[in-house]
Amino acid sequence: MDSWVRFSAQSQAKERVFRAAQYACTLLGYTLQKNGASPDFLAQIKQLEAHMSLGRKLFRLGNSADALEAAKRAIHLSDMVLRFCITVGHLNRAMYFACDNILWAGKSGLVPHMDQEKWSQRSFRYYLFALILNLSRDAYEIRLLMEREVNGKCQKGASGDNSCAPREEGKLQQVALRLKLQLRLLVHVLRSNPPLLLDLAKNACDVFIPLDRLGLYKTGPGFVGLCGLTSSVLSILTIVHPWLKLKP
């Protein structure tokens, strides 16, 4: 119950719920269209999706300031790669929220003659840059953890298990064995670090949304809806259970 109270009290949590509903409408509309639903019903689903999108933009007003504060904190990180990825990622998020706020003003009628398509493209461009940096940060964290695991096993190798020593095998067999060991190590690292696994899955799902909207990699509304719904559910999990949120 305490988790739910804390969850419902946060505007970010409410925005995530609206986001899940929005992309659920996207996925539902695509599915119904494929199954020959009536145009009137599809129009109602589209209208509900648009309302959810506009409501989300209202919840995101002022998020640029939060992103800038997060960037100011991240700039003091000791690791140079993490400092760059997290700081620049937050700066891109700040620009994304700023463009999104301007777009909200246009869609709500406060700025009637705005070029909404131009500002939408700008916001998705900053969103894509932020996600690329988030994925780069995830990949770097995974590499650090894998190196730590390998070094730990090699230090224990003196007990008789000589798994770190090279073996006399054919080149093809060596490559296959190395790939198998790396894959096994990757699975172990991700299973041992649920926050990193969730962040990677969330960013990997989200990145298809701006790629589709910018026309860089068209996947269609069904796939976009599925990715958006999945990442929204994962985001809600990190809010309900804060220990699942990846820390800097």
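Me: How many disulfides does a search of the whole structure find?

Reply: In this predicted model, the search finds zero disulfides.

Me: Is Cys205 called buried or exposed, and what makes it so?

Reply: The term buried applies under 20% relative accessible area. Cys205 has a relative accessibility of 17%, and therefore counts as buried.

Me: What of Cys99: buried or exposed?

Reply: Cys99 has 4% relative accessibility, so it also falls under the 20% limit and counts as buried.

Me: Where is Lys57 found, and which term applies to it, buried or exposed?

Reply: Lys57 is found in helix α3, residues 39-59. Its relative accessibility is 6%; because the limit for buried is 20%, Lys57 counts as buried.

Me: What makes the pairing of Lys57 with Asp100 a polar contact?

Reply: A polar contact calls for N or O atoms within 3.5 Å, one able to donate a hydrogen and the other to accept it. The side chains of Lys57 and Asp100 make such a contact at 2.7 Å.

Me: Why is α5 called roughly antiparallel to α6?

Reply: The axes of helix α5 (residues 80-107) and helix α6 (residues 116-155) come within 8 Å and cross at roughly 160 degrees. Angles over 145 degrees count as roughly antiparallel, so α5 is described in that way relative to α6. The crossing of α5 and α6 is left-handed, and the residues of their contact divide into 18 nonpolar, seven polar and six charged.

Notes. Residues numbered from 1 in each chain as written. Predicted model: local features only at pLDDT ≥ 70, side-chain atom pairs only at ≥ 80, totals over all residues. Heavy atoms only, no water. Axes fitted to C-alpha atoms, helices over the stretch in contact; angles between N-to-C directions. Helix = DSSP H or I, 4+ residues; strand = E, 2+ residues; numbered from the N terminus. Parallel < 35°, antiparallel > 145°, perpendicular 65-115°, else oblique. Left-handed = near helix turned anticlockwise from the far one by under 90°. Nonpolar A, V, L, I, M, F, W, Y, C, P; charged D, E, K, R; others polar. Disulfide = S-S within 2.5 Å. Buried < 20%, exposed > 50% of the residue type's maximum accessible area, 1.4 Å probe, protein only.
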